[in-house]
Amino acid sequence: MKLSDLLIVIAIFLSVPLLGETPLIATVSARNTISLDGVWNTIIDPYETGLSSHFYENAKPKTKSDLIEYDFDRSPKLKVPGDWNSQRDSLLFYEGPMWYQRYFSYQKHEHTRTFLYFGAANYLTRVWLNGTKLGEHVGGFTPFNFEITDQVSDGENSVVVEVDNTRRADGVPSIHTDWWNYGGLTRSVELMQVPETFVEDYSLQLANDNKRQNLKGWARLNHALAGLEVSIEIPEVGVHYKAPVGPNGLADLSIDASALACGKKIAAHCAAPLQVWTPENPKLYRVSISAEGDRIADEIGFRTVETRGTQILLNGRPIFLRGICLHEEAPFRGGRAFSEEDDRTLLTWAKELGANFVRLAHYPHNEAMVRLADQMGLLVWDEVPVYWEMDFQNPGTLENAKAQLRDVIARDHNRAAVALWSLSNETPISAARNAFLKSMAEYARQLDDTRLITSASDKAEHPDDQHVALNDPLGEYLDVIGLNEYVGWYGKYRPEDADKMQWTFKYSKPVIISEFGGGAPYGMHGDKDTRFTEEYQANLYQQQIGMLQKIPALAGMTPWILMDFRSPRRTLVGIQDYYNRKGLISDRGQRKQAFYVLQNFYREKAAENAGK
Ligand code: GCU
């Protein structure tokens, strides 16, 4: 094993940020940053020559006899953010190392620290600044950052990044996926300047008590000095709150936002108690957090989510999750979605469907997606890519998965919309897998005990044609059972067989049908028994809806899937053409018949729920 790989395994095993990586600064999107997005020089390096040839030095021949066998300035360009596969036909199927380089000029300031922040890069990333290695990161869907205060120069700087999306057996995800392995600097790259002491992270949530007026949380300072204070302001409800910072840089927050607590001076405001966040009324409050010269502001909604028996409660009231799955696939142009515009298109389609819930499959989507869900009133199932068979025996793989879970929770834990952390999808039952996911569940609860833990299992068994049972032992560690079932598409059953099926679940917990569906390219028509026709797909939805409503513990559903998406497994010419066609909407935005079948059902459910 190469030394660099061994160091990666050790760092992952110690579950500390990788070499050089600094703890994730969770407040980036609440800060002014300098964008490094745009056009970058790139070198495709299938044999990874760049490491031994020191591409990271961005060297130039000094004399006419000097031998330098690369030149970023004369190399092809790629846009950042963006996967490389959808930017050039010649790169569509490319998997391997790619080198990125760009220059930026910078002005240093006294008493200021500087960080280089990546929204995400798929999959293994190595970063150099002015020839000095900053560090490495593993995982394609979570943010990471490096402190560069000492490395960055006043004036011209050169940053070089190697991104390698080679699939790995010990990776997370592993070798096989039903989505395109888009590689590259898939999300924004930014420079962040902060004071020497700054707010690194915070959490503010509604306490789960009857009054629903108390806020609980914490704030963590980076480089905290003794005797500091954190201030929390929520002007709309008259909250002006201070808390001492402890020796570990942490301040505990406990705020009574009810009218009584804000005294006479802003009585008018206090007439309006804190409004809870709901999909129908996604109320967000502007919250500012400041300490020692650092000040950030964020938009936060306050709500509680819990289970009671087989029900999911939002703000203490049962809710039915009218959901849909989606991939982070860009509508119309294809490729990995990254912009607010991409996200708004997808989430607007989900709202049009009548959804109040989205399953972001099978990995953390970009931050804008989750923030938009917060604003648009869509509850979120946030998932890490523990997908299908994985190297469950490998401690390094477990720590890698935990690191991705840690970072998505760090990024999204202030989003009211996020109700569920999902640990995995369709993993084969084994002792090693069960232990792996048990450890993940414990870690998730340790990091955030205010949300529900779930996973999607596809391990339902058919003792006979009328009965289906899910006894997956994974359910023991979860708050909510996720079940993927493809009655009427995969396996021997036709859509109509769904109607006579009785479902049983080993664990008496809320059940979300986290996938069902069938494929049909938009515009392909025929009778309802002909595969890949819109009529077949629509009929399948009709039959599924009938079957699922008979499940007593059904608390929600997220059919597979909102929009067709690219997949290397879908090779059927003229029908799939490397797209999974199970979308209710084509990748060109065309609604299929099944879209309206589900929309009608969700309208009924919404009316039913409104009446309660
Ligand atoms: C699986 C899996 C998805 C996949 C889908 C399909 O259930 O979770 O990632 O795309 O089935 O086969 O279309």
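Q: Which side chain makes a polar contact with the side chain of Asp-374?
A: A polar contact is a pair of N or O atoms within 3.5 Å. In this predicted model, the side chain of Asp-374 forms such a contact with the side chain of Arg-415, at 3.0 Å.

Q: Where in the secondary structure is Asp-374 found?
A: The residue belongs to helix H5, which covers residues 367-376.

Q: Does one call Asp-374 buried or exposed, and on what basis?
A: The term buried applies under 20% relative accessible area. Asp-374 has a relative accessibility of 1%, and therefore counts as buried.

Q: Which residues does Asp-374 touch, apart from those up to four places away in sequence?
A: With those sequence neighbours set aside, Asp-374 touches Trp-277, Pro-282, Leu-284, Glu-299, Asn-414, Arg-415, Ala-416 and Ala-417. Arg-415 in this list is also the partner in the polar contact.

Q: Let us turn to the ligand. How many residues surround the ligand, and which are the closest?
A: The ligand is surrounded by 14 residues, and the closest are Asp-178, Glu-426, Tyr-490, Glu-515 and Lys-582. Sorted by class, this shell comprises five nonpolar, four polar and five charged residues.

Q: Which distances describe the polar side-chain atoms of Glu-515 and Lys-582 relative to ligand oxygen?
A: For Glu-515, a polar side-chain atom lies 2.5 Å from an oxygen atom of the ligand. For Lys-582, the corresponding distance to an oxygen atom of the ligand is 2.6 Å.

Q: How much of the ligand's accessible area does the protein cover?
A: On its own the ligand has 320 Å² of accessible area, and the protein covers 97% of this.

Q: What share of the residues in the protein chain is buried?
A: Of the 612 residues, 62% are buried. The accessible surface of the chain is about 23600 Å², and carbon and sulfur atoms account for 53% of it.

Q: What share of the contacts with a separation of 6 or more comes from residues 24 or more positions apart?
A: In this protein chain, such residues account for 73% of those contacts.

Notes. Residues numbered from 1 in each chain as written. Predicted model: local features only at pLDDT ≥ 70, side-chain atom pairs only at ≥ 80, totals over all residues. Heavy atoms only, no water. Near = heavy atom within 4 Å. Polar contact = N/O pair within 3.5 Å; in protein donor to acceptor, adjacent residues only side chain to side chain. Areas by Shrake-Rupley, 256 points an atom, 1.4 Å probe, with all protein chains shown as cover. Nonpolar A, V, L, I, M, F, W, Y, C, P; charged D, E, K, R; others polar. Buried < 20%, exposed > 50% of the residue type's maximum accessible area, 1.4 Å probe, protein only. Contact = heavy atoms within 4.5 Å. Helix = DSSP H or I, 4+ residues; strand = E, 2+ residues; numbered from the N terminus.
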